[in-house]
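Dear colleague,

I am handing over the structure below, and after it I set out what was found. Please read the notes alongside the coordinates.

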Amino acid sequence: EDTFSNASKVCEECPVNSTSRAGSASSKECNCDANLYRNPLPNSDFTCVATCPKDTYGNSTQFTCHGCPANASSNGGSGDSSLCTCTNGTLRNDEQPGGNFKCVEECPADRFANNTVCQDCPGNTTSPVGTTSVKNCTCKDTFVAYTFGNVTECRKVCPKNWYALSRTCTACPGGSGSAEGSTDITQCRCPPGAKFRIAKGEMFTCVKECPADTWPEAGKLCQSCPAYSTAEPGVLSQEGCICKPGYSSGGAPPNKTCHECPEGTYSKAQKCTHCPDGETSPAGSTSEAECKKKSVPLRIILAGVGAGLLVILIVLIVCYVNLRRTWTRRATGPDIKYEVRSTSRGENVYF
C-alpha cells in the first residue's frame, strides 16, 4: 500500500499525504488525503496541498488543482474557476458556469459583455460577435419583443391589448384593446361606450364624443374643424362646424371652408352681407354695427384743393393775357401826358 510501480517497474512511494492500494501501477492511483487538493507538477508528479497555488484554482468536486487559462491569473485557493481573472483587457467566456473558460478579446455570437464577463443573451434572442450590452440582444426572426416594466421578453406573438410594430409589441393607445397576436394598430378597438377616436400622429385616444372644434369623420375619427371655424363638443358631422364671426361659409361637407368677409361687408348667418349704401366696414366685420358712413379720404381732399388752385391759376393767366395796355406819349409843350387805355372793362379809362 501507499506505493506504485514506476516506469522502471520499481515500487515507489506515493507523494506525502497521499495513499494507494496495493498493486497500484502508476502515481495516478495515489490519492491525496481527505480535504487535500492534488496539485500536478510539470514532471507528471504531484503534491497534495490544502489550497491550490497562484494562477491555479481548486476543483472542489475532484479536489484537483487546475491551471488558469491563457491571459488569466489567480491568487490560488480552493473553489472553482471563478478564482481566475482575465487580464490584458480580455473578457471571461465560460463554457459552463464555474468550469472551463477562455479569455477572449470580444464575446462570441449570442452573448454580450457584462463588465469583464461574457453572458448569454436572454431567451429567444440573438446578437452578433462583439456585442457589448444586453440592449443589443434582439429577438430572433420568428419572435417579437415584449417589454413590461424593466423586463423584456421575446414571444411568438404579442399579448392581449398589444400589437406588433417592427417586431416590437406596442400597447394599444388611449384605452383601446386588441386580441392576442394583433399585428397592426388598426386592430386596436375602442371599448363599448367610447365610439370615437382622437388622433395624435399614429396614436389615438378613445372618447365618448368628439371634443370642441372637432367632428367625427366616417363616424369614427375626430377631425379638426376647417380653419376659422368652431364646433360644440359632440357634433356628429362637419355640418356642426360653424364659421367664426367675420367669416362666411363655402363648399359643402366634407370640403367646407371659411373665408374672411371683405371690406364693406359683415358676417350674418355665415354669409357676407353688404353694408347699406354710403357705408363701409373693415374686413372681417361681424355685425352691421361696424358699418360706418363713408368718409372722403385725405388724398381725395388734397386732390380737390390742388385742382381748385390750378383753375384759379389758369383764370389769372387768361386775365393777364387779355389785359392790353396802351401807352401814348403826347408832346404838349414842356409837359408830357401819358394815356393808359384798357379795353377789358367796357368804357375807356384815361389817366
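Arg 111 is buried, because its relative accessible area is 12% (buried means under 20% relative accessible area, exposed over 50%, and partly exposed in between, with a 1.4 Å probe and protein chains only). Its partner in a salt bridge is Asp 120, with 2.8 Å between the closest N and O atoms (a salt bridge being a side-chain nitrogen of Lys or Arg within 4 Å of a carboxyl oxygen of Asp or Glu). Asp 120, by contrast, counts as exposed, because its relative accessibility is 54%.

Before going further, please note that this is a predicted model, in which local features need pLDDT of at least 70 and side-chain atom pairs count only at pLDDT 80 or more, while totals for chains, interfaces and linings use all residues. Residues are numbered from 1 along each chain as its sequence is written, and side-chain values use heavy atoms, with hydrogens and water left out.

The structure holds 5 salt bridges. Another of them joins the side chains of Asp 141 and Arg 167, at 3.8 Å from N to O. Asp 141 lies in the loop between β17 (138-139) and β18 (144-148) and Arg 167 in the loop between β20 (162-165) and β21 (168-171), so this pair ties together parts that are 26 residues apart in sequence (strands being DSSP runs of E of at least two residues, and helices runs of H or I of at least four, numbered from the N terminus). Asp 141 is exposed at 69% relative accessibility, whereas Arg 167 is partly exposed at 38%. In a further salt bridge, Arg 155 meets Glu 153 at 3.1 Å, N to O; Arg 155 is partly exposed at 29%, and Glu 153 is likewise partly exposed, at 35%.

On the surface, Leu 310, Leu 313, Ile 314, Ile 317, Val 318, Tyr 320 and Val 321 form a nonpolar patch with about 720 Å² of accessible area together (patches take residues with over 30% relative accessible area and no salt bridge, joining nonpolar side chains, namely Val, Leu, Ile, Met, Phe, Trp and Tyr, within 5 Å and like charges within 9 Å; areas come from the Shrake-Rupley method with a 1.4 Å probe, and for residues only the protein chains shown count as cover). Tyr 320 lies in helix α1 (residues 298-322) and counts as exposed at 66% relative accessibility.

For the chain as a whole, the secondary structure comes to 1 helix and 35 strands, and 30% of the 351 residues count as buried.

Best regards
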